[in-house]
Amino acid sequence: MAALAVVSAVGLVVDDRVLVGAPIWAKPFKFSVSFVAYCLTLAWMLTLLTRGRRIGRWAGHVVVLTGLIEMVIITVQVVRGKRSHFNTATAFDSALWNAMGMTIVVLWAATLVIAVLLLRTRITDRATALAVRGGLLIALAGAGLGFLMTLPSETPQAAGNFDAADTMGAHSVGVPDGGPSMPLTGWSTTGGDLRAPHFVGMHALQLLPLLLIALVLLAPRFARLRDAGVRLRLMQVAVGGYAALVALITWQALRGQPLIHPDGVTLAAAGAILAAVACGTWRALRPTAPARPSRTAAEQEPVA
């Protein structure tokens, strides 16, 4: 995947073709970089297993194989100048799209197997256990959101020289794919875009463990963070807040609302989540009252 990211980066420079409103090599570049982070994180998580290591190793192999198949299909379609996702224009395009769908289902199932193994593994540090398990479960939910994109869409798909008969599913909600979009991400600025919650959800896999690593590295400087209980409470706030964020932007996208143009209701919900996270963080960092020492038997004797 790292090698393919380099090849795709070169393609972005030397190949000026555009497909569905984006440079044609942008998709394999973004997917290969994402797979690098995804596979490295899963590989690290598999080292935490205390039992079921053989099953975990095979599940990891399945992730590698299915990810490779998907990237081969995406790259083949780029070379052909065709759209890889949602493309049913010809029998060959439809076969590739169906094959991609099956590989993603298998990849998701393999990740679920790894998640179940880690849920059953005894991880001594409770904050680490929460970061790993919470990140995996939210990532599974985020990956599952990708299946919403494959459902038949009522939105006209005229953008990128595709009509409704040539596609099955879409990234955008309420507007055609390939319209005005954000730089780098390519997410729609005129309608909802399911890629936003899909991306944010999947990268909980990296961000939550990275947050815990940051807390551990900061512990020598901040006395409160040396307390394992404080780190656990902060991770509980982070996991809850992250899950709420994914739910919010999923709801926003399904209403056909661009991520960068939220309405008043979305802003109010975001404010409520932010307030809850701030309050939770304050309570997590607040010093706990020391336990009162129990009275000794002599102290409990009545005074004559």
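## Nonpolar cores and a surface patch

Leaving aside residues up to four places away in sequence, Tyr38 touches Val63, Leu107, Thr111, Met202, Leu205 and Gln206, where contact means heavy atoms within 4.5 Å. The model is predicted, so that local features need pLDDT of at least 70 and side-chain atom pairs count only at pLDDT 80 or more, while totals for chains, interfaces and linings use all residues. Residues are numbered from 1 along each chain as its sequence is written, and side-chain values use heavy atoms, with hydrogens and water left out.

Tyr38 also belongs to the largest nonpolar core, of 31 residues, in which Tyr38, Leu42, Met45, Val63, Leu118, Leu136 and Leu205 touch the most other members. A nonpolar core is a set of buried Ala, Val, Leu, Ile, Met, Phe, Trp, Tyr and Cys residues joined through side-chain atoms within 4.5 Å. At least two residues of this core come from each of α2 (26-46), α3, α4 (91-120) and α5 (126-144), and α4 gives the most, with 9 residues. A second, separate core of 21 residues includes Leu145, Leu208, Ala219 and Ala284.

On the surface, Met1, Leu68, Val72, Val76 and Phe92 form a nonpolar patch with about 410 Å² of accessible area together. Helix α3 (residues 53-80) supplies the largest share of the patch, 3 residues, and Leu68 lies in helix α3.

The table lists partly exposed residues (buried means under 20% relative accessible area, exposed over 50%, partly exposed in between, with a 1.4 Å probe and protein chains only).

| Residue | Relative accessible area |
|---|---|
| Leu68 | 48% |
| Cys39 | 26% |
| Cys279 | 41% |

The structure holds 0 disulfides, a disulfide being a pair of cysteine sulfur atoms within 2.5 Å.

Note on methods:
Patch = residues over 30% accessible without salt bridge, like charges linked within 9 Å, V, L, I, M, F, W, Y side chains within 5 Å. Areas by Shrake-Rupley, 256 points an atom, 1.4 Å probe, with all protein chains shown as cover. Salt bridge = Lys/Arg side-chain N within 4 Å of Asp/Glu carboxyl O. Helix = DSSP H or I, 4+ residues; strand = E, 2+ residues; numbered from the N terminus.
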